[in-house]
Amino acid sequence: MSTPNHLLHPHSLTPNQSHSENPLAISSNDNPFPIKDVEQASSSCSSDSGPVVPTTPLVSFLERVQETALQTFGKFNFDPKLYVDLSLKHDLPAAEDGFDRLTRGENGSVSVEDLNEYLEKYFEGAGEDLVYSEPEDYVPEPEGFLPKVKNQEVRSWALEVHSLWKNLSRKVSSEVRDRPELHTLLPLPQPVMIPGSRFREVYYWDSYWVIRGLLASKMYDTAKAIATNLICLIEEYGYVLNGARAYYTTRSQPPLLSAMVCEIYKRTQDHELARKSLPALIKEYQFWNSGIHSVTIQDAEASGHTLSRYYAMWNKPRPESSTIDKESASKISNASDKQHFYREVASAAESGWDFSTRWMRDHKDFATLATTSILPVDLNTFILGMELNIAFLAKVTGDCIISERFSEASLVRKKAMESVFWNAEMGQWLDYWLSNSSCKDAQTWEAGNQNQKIFASNFIPLWIESFHSDGFLVDKVMRSLQSSGLVCASGIATSLINSGEQW
Ligand SMILES: OC[C@H]1O[C@H](O[C@H]2O[C@H](CO)[C@@H](O)[C@H](O)[C@H]2O)[C@H](O)[C@@H](O)[C@@H]1O
């Protein structure tokens, strides 16, 4: 027996440096989004440093339930996330009291019967607080649907995919709004699309592809609703969370909201959405371009190039995978090294590439994860896109000053990407290893710090007009992609190392 069925209900450089040429650079003393209740860890070189955003008492308690469930049900078919997705039937002290009264064996396990009874008595099934919601703009065959697809077989398959919107559409139940302290699900004002299966909540970067799909399906209102939810998260937290759960507040995910808004704007010319999104997008931009996320590298001429990195505000096991993370860290004995490792794990989750050899110093050893020591090509491409998108949205809403500043910032980042990432010999942009992730005042660019391993992310800059408008460059990069070994019969592999990791 693994997990009780009722719980599986289907409906149910240095941080802070800012001396680059970026016209929008933010001084370390002038952080515009002081994150609420952030614990500052010490910043010595050997120990973990950086901010920690606390989670809620409910999340911490559910991690304890998760641990007991593992001890009781065993590893087989065990999904730790299920337990942090439960919501309380009564208040937290009652559930804690019931939990403390369970009779335990030596390893902390309880009998399967007792635990099932306890879970039934105190919790609603995971996902029950996100209720089905019929998307109002869904029609079985939208007018003008994929006009270029003529083949009947492909069209019917595409329509089948289109019909999945009906399965994935949800809204947050009113109970979450009324008693948020009983739920790890966060209240969102508009309907949502979930990835499905164990992912019973909205995810940040998944929403980009969701919106691309919704636009192809002509479901413009649903697409706008999803962007609006993400804007609300920025208004509340200062950044878009990894996902809409209390345990995802400690990190973001690849920042693609500006791309979502622009895609919607280009189809609908919705000025109101463009206008409403701008302050939020600027706030998000500041999140990614200040404090721990921002690093400056000096080139040989002593010019500073400021780029961004992933850096989670968390140095403990990820609550949704707490039991797994603890096991991964079990060989690390020093407490501070453990914290450091947990931050690297959470930062890899922030990258969306959880997990990948891309973030490991030794691809055979997961404990060598070093996400915060890497300046990633894809993240900086997304931020370059953000600069261009903000410039565009500011222009269409009549704010020429903002528009010009962001266009200038995009030129500065493009130059930084060319100086730090571009490798002319390989015809790719390469991730850059920081010499030291937190201790040195200035880092000087060194050719040997470019990570010469091949990843799909090395080609992502071609997605952005500033790069793909250069025909000569496109030819060179395309030749490099064709011969990279990444192009497979059914898609592009993320790396050349078959490590068993997801990415
Ligand atoms: O499709 C949703 C996301 O799924 C993966 O990551 C998520 O699950 C992890 C473990 O449960 C969690 O730690 C991570 O933060 C989540 O985003 C996937 O790797 C993501 O790219 C994807 O957005």
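## Basis of the description

The structure is a predicted model, in which local features need pLDDT of at least 70 and side-chain atom pairs count only at pLDDT 80 or more, while totals for chains, interfaces and linings use all residues. Residues are numbered from 1 along each chain as its sequence is written, and side-chain values use heavy atoms, with hydrogens and water left out.

## The chain as a whole

The accessible surface of the chain comes to about 22000 Å². Carbon and sulfur atoms account for 51% of this surface. Of the 503 residues, 54% count as buried, where buried means under 20% relative accessible area, exposed means over 50%, and partly exposed lies in between (1.4 Å probe, protein chains only).

The chain has 17 helices and 16 strands. These are DSSP runs numbered from the N terminus: helices (H or I) have at least four residues and strands (E) at least two.

## A negative patch on the surface

Glu124, Glu128, Glu175 and Asp178 gather in a surface patch of negative charge. A patch is made of residues with over 30% relative accessible area and no salt bridge; like charges are joined within 9 Å, and nonpolar side chains (Val, Leu, Ile, Met, Phe, Trp, Tyr) within 5 Å. A salt bridge is a side-chain nitrogen of Lys or Arg within 4 Å of a carboxyl oxygen of Asp or Glu. Lys and Arg count as positive and Asp and Glu as negative, whereas His and the chain ends are not counted. Each charge is placed at NZ of Lys, CZ of Arg, CG of Asp or CD of Glu.

Asp178, one of the patch residues, belongs to helix α7 (residues 174-178). With a relative accessible area of 59%, Asp178 is exposed.

## A buried arginine

Arg155 lies in helix α5 (residues 152-163) and is buried, at a relative accessible area of 16%. Leaving aside residues up to four places away in sequence, Arg155 touches Glu141, Phe145, Leu146, Val149 and Lys150; contact means heavy atoms within 4.5 Å.

## Backbone features in loops

Most residues other than glycine have a negative phi, and most peptide bonds are trans. Asn77 has a positive phi near 60°; this residue is in the loop between α1 (57-73) and α2 (80-84) and is exposed at 55% relative accessibility. Gln269 also has a positive phi, near 50°. Gln269 is found in the loop between α10 (257-268) and α11 (271-288) and is partly exposed at 49%.

A cis peptide bond, with omega about 0°, joins Asp354 and Phe355. Phe355 is in the loop between α13 (335-350) and β10 (374-375).

How values were computed. Areas by Shrake-Rupley, 256 points an atom, 1.4 Å probe, with all protein chains shown as cover.
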